[in-house]
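Visitor: Could you walk me through a few local features of this one? I'd like to start with a strand and then move to the aromatic rings.

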Amino acid sequence: MNLLYKNSMTFVFDYDLFVIGAGSGGLAAAIRAASYGARVAIAEQYKPGGACVNYGCIPEKLLDYAASFNRLEQVAVSYGWKECDRHFDWSCFATAKEKHIQQLNQVHLHHLQDAGVHIFEGQASFLEAHTVSVAGHQVTADKILIAVGAKPNKLDIPGIEHTITWHELYHQAHQPKRLAIVGADPIGVKIAGSLNALGSEVTQIISDDYILPTFDAELCNVIQDHMIRQGVTVLNRTQVKAIERMGDRLHLALSGDTSDVLTVDAVLMDARRTPNLAGLQLENIGLQLTTEGAVRVDEFSRTTHTNVFAIGDCTDRIPLTPSAIAQGRAFADTEFGNKPHAVQLAWVPISLSSHPEAATVGDSEAKARTMFGDDAIECYRTEFRPLLYCLAGTDAKTFLKLVVNRHDSDRVLGVHMVGDGAVEIIQTLAIALKLGATKHDLDTAIGIHPSSAEELFSA
């Protein structure tokens, strides 16, 4: 431990900032702090980029692209392209995906090195509020930032050891021909739609009435209906009682509306993630957690220790990569850049890489009615077939929904969309909603024709 005493009141630490976790938020904080001249170190026990790069957002989106090509080829036939015999090669995809992720790992390493950030490989744990142990070293820092993200969980049921999570999915030797997904969160919905489009028989088992229960109910019902029409089996109000391996198959005993036994090749658990705090030895500094087990922070990412901070999915704030990045940069601006500010997490757009694509920003209809009363809320909906699918004669539809506060100048409180282009359209609309866009603003705007976005102006 290199703690030098300048006098009885002042210390010189090894670093001005020590970051635990090189995920999206930790990387953003470390590089931004270093740009202000801070002496920064970062510890990561796996690979830089965190969950998003290594087994979350990026692999999921690549799988989504792979699945989309199959559906686009079906539409292409209606435009005059000749059918040809094609099949999806899981191992080829996995190899290409892994190569790209390794490239991203190297990009993040180079960014840290270029910024002058010292990199430690290994688990960091607290010895006291200014000292951590990592890779056989005791390291001191004036400020310590916890940015360890969250980890997937598994339910406590017999046979759970036979299941995988989204961390292990892409390391499977073969694409599961028959897959059960237990859970209704966005990760499971994404994987269900993609693997179904790639030829797997997918069954999604959920305890609720519909998937994605924290989002707008109508949006979720539309997504679920589309998934079912595309071939995904959704078992609502159903639980898994036990899992038994018999040879190379897994047998799931179910309870609820369906009490049969389901036989599959693999079971993916999509239980709610929890903060990845194991190994940090937070008991050594007495850090306070929330009732949900997240690190308790204020709007400036300060914990109950004046020199310890936390950002991202290990806190109880919105668990999204852009949110973690914004928190990390705001922390560095405040603590090292003399630019104090807190992250505003209202009007954050959310992508659901489902099949079909969906995205949302703002309040759900239920939340808006709870906040402002039934009399204040009016919803506008439209459903249409995009021009792309008109020649194919498919039942592909785009769904758009606006949630409006009639008592506040018809301000738009939420926009929910299912269909091609939803992610890009909702991202742009997030800015308009943040600035207070009203239904009148949308009605009087001029759209681009022909496009799905123009339908917003007549919803």
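Visitor: Is strand S20 mostly covered or uncovered?
Guide: Strand S20, residues 358–362, is mostly covered, with 4 of its 5 residues buried, where buried means under 20% relative accessible area, exposed over 50% and partly exposed in between, with a 1.4 Å probe and protein chains only. Strands here are DSSP runs of E with at least two residues, helices are runs of H or I with at least four, and both are numbered from the N terminus. This is a predicted model, in which local features need pLDDT of at least 70 and side-chain atom pairs count only at pLDDT 80 or more, while totals for chains, interfaces and linings use all residues. Residues are numbered from 1 along each chain as its sequence is written, and side-chain values use heavy atoms, leaving out hydrogens and water.

Visitor: In what sense do S19 and S20 pair?
Guide: Strand S19 (residues 350–352) pairs with S20 in the antiparallel sense over 3 bridges, given that two strands pair if DSSP finds at least two bridges between them. The two form a hairpin with 5 residues between them, and Leu352 has Ala358 in S20 as its bridge partner.

Visitor: And how many bridges join S20 to S23?
Guide: Strand S23 (residues 411–418) is joined to S20 by 5 bridges, and the two run antiparallel; Ala358 stands opposite Val418 in S23.

Visitor: Switching to rings, how many aromatic pairs are there?
Guide: The count comes to 8 aromatic pairs, taking rings of Phe, Tyr and Trp (its six-membered ring) as paired if their centres lie within 6.5 Å, with planes under 30 degrees apart counted as stacked, over 60 as edge-to-face and the rest as tilted. One of them is the tilted pair of Phe309 and Phe331, at 5.0 Å centre to centre and 55° between the planes.

Visitor: Which parts does that pair tie together?
Guide: Phe309 lies in strand S18 (residues 308–310) and Phe331 in helix H7 (residues 321–336), so the pair ties together parts that are 22 residues apart in sequence. Phe309 counts as buried at 1% relative accessibility, and Phe331 counts as buried at 1% as well.

Visitor: What does Phe331 form with Phe336?
Guide: Phe331 and Phe336 form an edge-to-face pair, 6.1 Å centre to centre with 80° between the planes, and Phe336 counts as buried at 19% relative accessibility.

Visitor: Which charged end sits over the ring of Phe336?
Guide: That of Lys143, 5.6 Å from the ring centre, where the rule asks for NZ of Lys or CZ of Arg within 6 Å of the ring centre and within 35 degrees of the ring normal.
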